[in-house]
Amino acid sequence: MGLCVLLLAWDGLQHQWLVLGQWGLGGLSLLGLLAWQLKGLPQKSALSPRPALTAAMVQETQLQTQKFLQQVAQEIGDETLTDLKQRLVVIAEDSPRSLRFIIAGAKRTGKTRLLSLLTAQAWLLDYPPQWYEQSFEQPESGLETELARLQTADLILWVVNGDLGDQQWQALQHLQCQYHRLLLVFNKQDQYPEADRSEILLQLQQQCRAWLSTDDIIVTASAPQAITVRRYLMDGSITESQEFPPPQVDPLVERLQQILTTESATLRLAQQWRAYQALQSGAQERLNQARREKALPLIEQYQWLAGGTALVNPVASIDLLATLAINAQMVLDLGKLYQQRLSLAQAQTIAATLGEVLLKLGLAELSSQAIAALLKSQPLTYVAGGALQGLSASYLTRIAGLSLVEYFQAQPFTSSAPLNPERLQQAVEKVFAQTQRLGNLQAFIQGSWMRLQQALSPAP
Ligand SMILES: Nc1nc2c(ncn2[C@@H]2O[C@H](COP(=O)(O)OP(=O)(O)OP(=O)(O)O)[C@@H](O)[C@H]2O)c(=O)[nH]1
Ligand SMILES: [Mg+2]
């Protein structure tokens, strides 16, 4: 725009250059518009391609998994991990087996037709591949479940009939990050005229160029449409008939034969690598579960402590209430449970940050209001002020405690990593969203109120 203004001024001064100036203005405006358009386009964030998988890398992953299982076993008991340890041995043995090929893609893209053509081929191997079909639904909430169903595939043939949608593109990226071998099959090519077909192919190649070689994007027609064939007979008459051209899958079969001859070992390595990763996640889940079971009673203790204090000594502001609710000792205790090496000063910083997050997100205010509204419908009004503060403090302690559990859970084993306030905030948001449902809050209030009264009543 600045350049346009300059050109305008220059244009006014130099009359003899009028025509050229107008061209310049027009051109610059067009350029500006183009740049604006390009900038406005959503930028796809491409995951960077993984380095090629080697036997040494898989061995390293095996050792890591073994070590991790040992660490977890030390903490939660050997017997809880017996099955996972057995699985570790089975994966390492890697006994001969057929490779699993999954034909995946959106509905009605021609997967079943391809499957029947490919299973009919003679795959001259001791263990011919096993074929499966898997429809890819456009998931509304996350890709995870869809991708999990492809986890066992050694090779995925992803079938499209044209452009690759955004979600499919993301799915493919995630799959390649998990070392899944991918082939992109552009099927039903007979539906397009030659020029459009080349253009779509080029676009697919461009979209996936960071992690898929052009050899792995293959054009097929698994069941071409019938075409009308016109024959001119000797007597001058014309007959017309419908004929089905033969399927065109030869390039795909060739590519698959090539992969089977040259890459079988790598495909098996990748499957081993994924199996070790799955084993680690399995162990991590059990560890989280066991730690959570220990963390909950601990959080409850601090809940009653904060609730009781606020009930007896109501504080003047919501800020003070948040401070009272989050105790550095709770951070230390939970940190210890999650094998985080925290000093008292670090625990205090975390407690203060948590308090700030609760206030910043307006959660302290919000939960206090929600509790006040619920209290109005309960026969507790005679102590409403104290009750409101006690219950709010308990509730905030609970949210803070559960957020810490969420936060520590994602930290590596015995870590002394510095606090990441952003991740802490995400943990708080997640926990708050889970606990905020009305039924949960109501149940919490009923349970807590009884508990707080018990804590207050003088011992017999
Ligand atoms: N024109 C054309 N049609 C095809 C081609 N391949 C398959 N079809 C047609 O597409 C339709 C769907 O084919 P299927 O093989 O059942 O597709 P699918 O992906 O298994 O479908 P779902 O299992 O329902 O998701 C059928 O009517 C096929 O005849 C092709 O190469 N060209
Ligand atoms: Mg099908």
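A residue is buried if 20 or more other C-beta atoms lie within 10 Å of its own, exposed if 12 or fewer, and partly exposed in between, with C-beta atoms placed from the backbone. Of the 460 residues of the chain, 28% count as buried. This is a predicted model, in which local features need pLDDT of at least 70 and side-chain atom pairs count only at pLDDT 80 or more, while totals for chains, interfaces and linings use all residues. Residues are numbered from 1 along each chain as its sequence is written, with chains lettered from A and ligands numbered from 1 in the order in which they are written.

Next, select ligand 1. Around ligand 1 are 17 residues, of which Gly110, Lys111, Thr112, Arg113 and Ala221 come nearest; a residue is near if its C-beta atom, placed from the backbone, lies within 6 Å. Helix H5 (residues 111–119) gives the largest share of this shell, 3 residues.

Then select residues 318–325 (helix H10) and 363–376 (helix H13), whose axes come within 10 Å and cross at roughly 95°; axes are lines fitted to C-alpha atoms over the stretch in contact, and angles run from 0 to 180 degrees between N-to-C directions. H10 is therefore roughly perpendicular to H13 (65 to 115 degrees). Show Ile318, Leu321 and Ala322 of H10 with Ala364, Glu365 and Ser368 of H13, which make the contact (C-beta atoms, placed from the backbone, within 7 Å).

Key. Helix = DSSP H or I, 4+ residues; strand = E, 2+ residues; numbered from the N terminus. Parallel < 35°, antiparallel > 145°, perpendicular 65-115°, else oblique. Contact = placed C-beta atoms within 7 Å.
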